[in-house]
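Here is my note on the model. Please read the points with the structure open.

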Amino acid sequence: INSEEKFKKGITGLAYIQQHSIRIHSKEERNDKPEYKHHYIDFIKETESELAVPIIIEEKNHTTGEVVKRVLGVINIESKKKGAFTETHQQNLELFAGLVAIALKKITLIEERNQQTNQLKRLQQAVKDITATPPHEMLSNAVYKTCEALSAHGVIFVPISYKKFNGESDKSNEYVINRGEIVSNLGIYQTVQSEFIRENGISVDVFKDEKNRKFPNLNDKPDGFNPKLIESGVKSAICLPLLINKGCIGVMWITFQNPQPKNKNIFDDEVILQVYANQIALAYTNAKQTTDALNKLEESQKDMTNEIVGHYEKIRKESRQYHYLSLLTSSVGVVLVLVTFGIIIFQISSDKQIDNWVVFFGLFGTLLNAIGVLTFGRSNRANQRMDNYHRELYQVRLLNILLRHSEQLDDADMEKNSKNSILQDASKKWITDNSIIGKM
């Protein structure tokens, strides 16, 4: 091909561009039409007739919703004879091209379905891996797993919430971008955090509207898009709201280094991406609430432990007092009774009348013995209460160990219903074993 013909489209290329068949009967006809003459590439000098039929499929434009034609290729036949191809030849070849188009479209749909299925499997595995991550590492792991599953350039998690008044948040209130909790793998974000997520940018719009925004080609420089993202090498991006039952908790940016194709791209699966984002949001919220609940439980356990220890010290002091008092009164009472008994025997043997003070002395000794028995009983009950406090401390610590251990189990070791079973059994055991508290 000479230098001039390098810039020619050829009859095949012309049929591709015009999206309709071209039938040429002879060299004369080709030379008489400037359009054919200008673009014709003379591969074979003897060619007289030519028939070029494009292979066309119709498909829906995912952006506009319109049905558009797309050329997959061109069937081109040539002949050394003039007028070799008739209208019948053209119709038959167009029919054949239609069958080829259907076959190619079917192959394309199968490939797209396989790609979508593989992508869905990767996203499902990513969700499973993310939910098995400790709460403080969950978003960082979500960034890594999302990039891996979607072959993305970067991911940014931006937690946003409405300000609370009287302990409740409302969409009518002002919003807050929780910048300290933003997680991203984009290096430029670390240097320009304040400019990267703007107060009135797309992230906030998506958070308020709870609808995603797609940017398949950032070379067009869409209005309102943060130039800092484009400077970081992003060529296409999608911003998804992180939705849970109670509303939106922030947004997730997924960025790519290449523009997305117009006919079919990853953003067309926005429903799948939104479900994926929602699963991450739900897992993160649940993990965070569980951590908060465990921290509150730990604080309450500390308070309960301190209270039990305080009661224990008080009861131990009380037990000692009753013990010493029981010992003292019993000892004095026994001595008085023995002395009284001795005096009575002496006075009887001496034929003397028993003095009243001797009787009183004896009664007083007996009373002291009775007091000793009573105080010993109180001391014994105090010891039993100390044993109960020991058991309470043991059960509180056992419950804490079981709760902590159940949170460390991932899905590979035990399903959620098994975790719930552990929590329920631990709670029932703790309540049952400590029911004695209400009886004391």
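1. Lys-214 first. This residue is partly exposed, with a relative accessible area of 31% (buried means under 20%, exposed over 50%, partly exposed in between; 1.4 Å probe, protein chains only). Lys-214 forms a salt bridge with Glu-270, the closest N and O atoms being 2.9 Å apart. A salt bridge here is a side-chain nitrogen of Lys or Arg within 4 Å of a carboxyl oxygen of Asp or Glu. Lys-214 sits in strand 9 (residues 213-215) and Glu-270 in helix 10 (residues 270-349), so the bridge ties together parts 56 residues apart in sequence. Glu-270 is partly exposed, at 25% relative accessible area.

2. Basis of the values. The model is predicted: local features need pLDDT of at least 70, side-chain atom pairs count only at pLDDT 80 or more, and totals for chains, interfaces and linings use all residues. Residues are numbered from 1 along each chain as its sequence is written, and side-chain values use heavy atoms, with hydrogens and water left out. Helices (H or I, at least four residues) and strands (E, at least two) are DSSP runs, numbered from the N terminus.

3. Other salt bridges. The whole structure has 6. One of them joins Glu-28 and Lys-82 (3.6 Å, N to O). Glu-28 belongs to helix 2 (residues 27-32), while Lys-82 is in the loop between strand 3 (67-79) and helix 4 (87-131), 54 residues apart. Glu-28 is partly exposed at 41%; Lys-82 is exposed at 52%.

4. Helix 5. What is the span of helix 5 (residues 138-150)? Its 13 residues reach 18 Å from first C-alpha to last, close to the expected 18 Å (1.5 Å times one less than the number of residues). Of the 13 residues, 10 are buried, so the helix is largely enclosed by the rest of the structure. Among them are Met-138, Val-143 and Cys-147. Just after the helix, Ser-151 takes a positive phi of about 55 degrees.

5. Lys-145 and Glu-148 meet at 3.9 Å, N to O. They lie 3 residues apart, about one turn of the helix. Lys-145 is buried at 17%, whereas Glu-148 is partly exposed at 47%. Asp-129 joins both in a network of salt bridges.

6. Surface patch. Phe-360, Phe-364, Leu-367 and Ile-371 form a nonpolar patch, with about 390 Å² of accessible area together (Shrake-Rupley method, 1.4 Å probe; for residues, only the protein chains shown count as cover). Patch residues have over 30% relative accessible area and no salt bridge; like charges are joined within 9 Å, nonpolar side chains (Val, Leu, Ile, Met, Phe, Trp, Tyr) within 5 Å. Phe-364, in helix 11 (residues 356-408), is partly exposed at 39%.
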